[in-house]
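Here are a few notes to read alongside the model. Have it open and follow the points in order.

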Amino acid sequence: MKIGIIGAGNIGGNLTRRLTALGHDVAVANSRGPETLRELAEETGATPVRAEDAARGAQVVVVTVPLKAVPLLPDGLLDGAAEGAAVIDTGNYYPQRDGRIADIEDEGLTESRWTERHLGHPVIKAFNGTYAQDILDRPRPAGDPDRLALPVAGDDEAAKRTVRALIEELGFDTVDAGGITDSWRQQPGSPVYGLRAGVEAVRKALAEASPERPADFRA
């Protein structure tokens, strides 16, 4: 598949490494320009591009930037994506880093719904509670008792299927965590956030989540 990755931090960089190794055609962008991605491009064979070009023709787009940077992304960021493209949101709201976001804190919007509104495109929430190094170190074949499971939330069922298949190709099981309205179940401070476990434990953690935002994740 053609995949665009916007953000080349720990998650974006390691997804670039794994997805190129699996044979996908990856374009990667950051906020500092393609010339700063030369090393990653040489290591992986990914194509470094400007953020406004990362989604062009992409069947999957990964948005993996700090939440405070989402409103600063170029207008029409996803206009050139392939029809029906799946957009993965890996982001989390950390008020100490992102500043206070009233729509999340006061209006009760889930973090991914807030991001979705800024992007003007449905998103699939995935990888937000995943340790970046696990993307490189913890893939396991299907059926392996040590294979980790990741929660995946989204309203677009076709896009969700695409994302779940891609995660399974990366070497992880997936658990359907419901729609974006329910994605508070995997936000920071929830039982599943950062959980390294299999399918049943992830399902249990999602079921035990509380919609009340933990004090540590409020401004």
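This is a predicted model: local features need pLDDT of at least 70, side-chain atom pairs count only at pLDDT 80 or more; totals for chains, interfaces and linings use all residues.

1. Now the helix itself. α7 covers residues 157-170, 14 residues in total. From first C-alpha to last it reaches 20 Å, close to the 20 Å expected at 1.5 Å a residue. At its start, the backbone nitrogen of alanine 158 has a side-chain oxygen of aspartate 156 within 3.1 Å.

2. Which residues of α7 are buried? They are Ala159, Lys160, Val163, Leu166, Ile167 and Leu170. Looking down the axis of α7, these buried residues fall within an arc of 125°, so they line one face of the helix. As a reminder, an α-helix has 3.6 residues a turn, so residues three or four places apart point the same way.

3. Next, have a look at arginine 147, in the loop between α6 (132-137) and β7 (149-154). Buried or exposed? Arginine 147 counts as buried, because its relative accessibility is 6% and the cut-off is under 20%. Its side chain makes a polar contact of 2.8 Å with the side chain of aspartate 173. Beyond its neighbours within four places in sequence, arginine 147 is in contact with residues including Glu168, Gly171, Phe172 and Ala197.

4. Last, the largest pocket, with about 390 Å³ of space. It is lined by 20 residues, and Ile11, Thr90, Asn92, Tyr94 and Asn128 lie nearest its centre. Helix α1 (residues 10-21) gives the largest share of that lining, three residues.

Technical notes
Residues are numbered from 1 along each chain as its sequence is written. Side-chain values use heavy atoms; hydrogens and water are left out. Helices (H or I, at least four residues) and strands (E, at least two) are DSSP runs, numbered from the N terminus. The expected span of a helix is 1.5 Å times one less than its number of residues. Buried means under 20% relative accessible area, exposed over 50%, partly exposed in between (1.4 Å probe, protein chains only). The arc is that of the directions from the helix axis to the C-beta atoms. A polar contact is a pair of N or O atoms within 3.5 Å; within protein, one must be able to donate a hydrogen and the other to accept it, and residues adjacent in sequence count only if both atoms are side-chain atoms. Contact means heavy atoms within 4.5 Å. On a 1 Å grid over the protein atoms alone, a cavity is a set of points where a 1.4 Å probe fits but cannot get out, and a pocket is an open set with protein on both sides within 12 Å along at least five of seven lines; lining residues have an atom within 4 Å of a point. Grid points are joined across faces, edges and corners, and a volume is the space filled by probe spheres set on the points.
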